[in-house]
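Dear colleague,

Please find below the structure that I am handing over to you. A summary of the findings follows it.

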Amino acid sequence: QQLPASTQRGGGCGREGGFHSALSDTVLSLERLDTDLFRGRHHWVPATRRLFGGQIVGQALVAAAHAVSRDEQVHSLHCYFVRA
């Protein structure tokens, strides 16, 4: 399957190929509603009616990155999912 042209560019972190871009353009993409206000799409599992927590954390990280200057970068992120 051919990826869209926007996902064929090299991704971040010095990686060649489109995996990073494809991930950013799909499950981690956000819609900017206002200054520092974003909306993401969730991909939940209908059988369990649950969200994938890693996606929510990833979207929060992307929103945080969009809310600060390019000079500021995340160096660490820790999450614990205690219960399903």
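**Findings**

E31 has a relative accessibility of 40% and is therefore classed as partly exposed, since that class lies between the limits of 20% and 50%. Please bear in mind throughout that the model is a predicted one.

The side chain of E31 forms a salt bridge with that of R39, with an N to O distance of 3.2 Å. R39 is likewise partly exposed, at 47% relative accessibility. When the whole structure is searched, one salt bridge is found.

As to the overall architecture, the protein contains two helices and two strands. Read from the N terminus, the order of these elements is α-β-β-α. Of the 84 residues in the protein, 13% are buried.

W44, L51 and I56 together make a nonpolar surface patch of about 270 Å². Within this patch, W44 is located in the loop that runs between β2 (37-40) and α2 (53-67). The relative accessible area of W44 is 39%, and the residue therefore counts as partly exposed.

With kind regards

Terms used. Residues numbered from 1 in each chain as written. Predicted model: local features only at pLDDT ≥ 70, side-chain atom pairs only at ≥ 80, totals over all residues. Heavy atoms only, no water. Salt bridge = Lys/Arg side-chain N within 4 Å of Asp/Glu carboxyl O. Buried < 20%, exposed > 50% of the residue type's maximum accessible area, 1.4 Å probe, protein only. Helix = DSSP H or I, 4+ residues; strand = E, 2+ residues; numbered from the N terminus. Patch = residues over 30% accessible without salt bridge, like charges linked within 9 Å, V, L, I, M, F, W, Y side chains within 5 Å. Areas by Shrake-Rupley, 256 points an atom, 1.4 Å probe, with all protein chains shown as cover.
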